[in-house]
Amino acid sequence: MTLALHVLASGSKGNAALVENRTNGQVVVIDMGICKRDFFQRMEEAGVKPQAIQGLLLTHDHSDHVKGVGVILRGLAKEGIVPRVFVESAVYERVPKLAEDLKKLNASVQFIGAHELQRVAGLTITPFRTSHDAISSLGFAIEDESDGDKLGYITDTGIVTPEAKETLRGVRLLALESNHDERMLRQGPYPAALKARIASDQGHLSNDQAAAELKRQLNDPDCCLETVVAMHISQENNSYRLPRESLERVVALGQKSVTIAVAYQGRLTTIS
């Protein structure tokens, strides 16, 4: 199997991940919502060189996913590295600074939409719609064209949409949002409106919802899952222990051995 996922940061303070194609050593970045220092430091920890970056996929317009785009791409440009940027036109238009930065860098921008296949770094990328209170938001299924190894990436969604379920069939690696513990959210310090937003169908997946999605996948006869990493874990309404335990309980009840990992806000997590 040839794909690896390096989560550089995951959470409300900033998000970025690398999908590495170990067949050719090339890399696609998902989101750049962290500072340049952390991006390059954790990429080095992952053993990935900047020259490997071929493309950038943007999930949606919220600042914790795009705020580092300009400064990181400028840093790459100084090394002669100009990755293609894959973004929905609505997101590009919604974030003037993003569009301005990309124009100044003369970046190669590819406008994308749900189920419009993209190819970069020897990978076939299938975007799918997620359910989030952004102008538009996407998850991705990413497949190595050489051997069919497949990875799924779904965060920032209040529900797992039917099209997400279909697109994620057959993934071996899965990055799955497990944002909050429902009890902790209800009893926590957030204002009522923010609690309602997080728990809504346009908010974020809870630990229970993530567990339900994992159970659904494990019951699929085409299931190829080997590793799941819990993503976008709230530092106020969750812990790094609870999502792991919730997902591990699902695995324990099934017939398939699946490794559970968690992605952190402040350090690298790699699954392969």
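Analyst: A definition first: two strands pair if DSSP finds at least two bridges between them. This model is predicted.

User: OK. Which residue does Phe 86 stand opposite in β6?

Analyst: Gln 110 is the residue opposite Phe 86.

User: In what sense do β5 and β6 pair, and over how many bridges?

Analyst: Strand β6, residues 109–111, pairs with β5 in the parallel sense, over three bridges.

User: And how do β4 and β5 pair?

Analyst: Strand β4 covers residues 53–57 and strand β5 covers residues 84–87; they pair in the parallel sense over three bridges.

User: What holds paired strands together, in general?

Analyst: Strands of a sheet pair through backbone hydrogen bonds, either parallel or antiparallel.

User: How many strands form the open sheet, and in what order?

Analyst: Seven strands form the open sheet, and the order is β6-β5-β4-β3-β2-β1-β14, with mixed pairing. At the edges stand β6 and β14 (269–271); each has a single partner strand, so one side of each has no neighbour in the sheet. From one strand to the next, the twist averages 20°.

User: Which helix packs on the sheet?

Analyst: Helix α3, residues 69–78, packs on the sheet and touches β3 (26–32), β4 and β5. The direction of α3 makes about 150° with that of β3.

User: New topic. How many salt bridges does a search of the whole structure find?

Analyst: The search finds 15 salt bridges. One of them joins Arg 42 and Asp 38, with the closest N and O atoms 3.7 Å apart.

User: Why are Arg 42 and Asp 38 separated by about one helical turn?

Analyst: Because they are four residues apart in helix α1 (residues 36–45).

User: Are those two buried or exposed?

Analyst: Arg 42 and Asp 38 are both buried. They also belong to a network of salt bridges that links Arg 37, Asp 38 and Arg 42.

User: What about Arg 216, which residue does it form a salt bridge with?

Analyst: The partner of Arg 216 is Glu 213, and the closest N and O atoms are 2.7 Å apart. Both are in helix α9 (residues 207–218), and because they are three residues apart there, about one helical turn separates them. Glu 213 is buried, as its relative accessible area is 3%. Arg 216 is partly exposed, with a relative accessible area of 26%.

User: Which salt bridge links distant parts of the chain?

Analyst: The side chains of Asp 133 and Arg 197 meet in a salt bridge, at 2.6 Å from N to O. These two residues are 64 residues apart: Asp 133 is in the loop between β8 (123–129) and β9 (138–144), whereas Arg 197 is in helix α8 (residues 192–199). Asp 133 is partly exposed, with a relative accessible area of 33%. Arg 197 is partly exposed too, at 27%.

User: Last one. Where is Thr 157?

Analyst: Thr 157 is in the loop between β10 (150–154) and α6 (162–167).

User: Why is Thr 157 called buried?

Analyst: Buried means under 20% relative accessible area. Thr 157 has 0%, so it is buried.

User: And what does the side chain of Thr 157 reach?

Analyst: The side chain reaches the backbone nitrogen of Ser 131, at 2.8 Å. Residues up to four places away in sequence aside, Thr 157 touches Thr 130, Ser 131, His 132, Glu 177, Gly 203, His 204 and Leu 205.

Key:
Residues numbered from 1 in each chain as written. Predicted model: local features only at pLDDT ≥ 70, side-chain atom pairs only at ≥ 80, totals over all residues. Heavy atoms only, no water. Buried < 20%, exposed > 50% of the residue type's maximum accessible area, 1.4 Å probe, protein only. Polar contact = N/O pair within 3.5 Å; in protein donor to acceptor, adjacent residues only side chain to side chain. Contact = heavy atoms within 4.5 Å. Salt bridge = Lys/Arg side-chain N within 4 Å of Asp/Glu carboxyl O. Axes fitted to C-alpha atoms, helices over the stretch in contact; angles between N-to-C directions.
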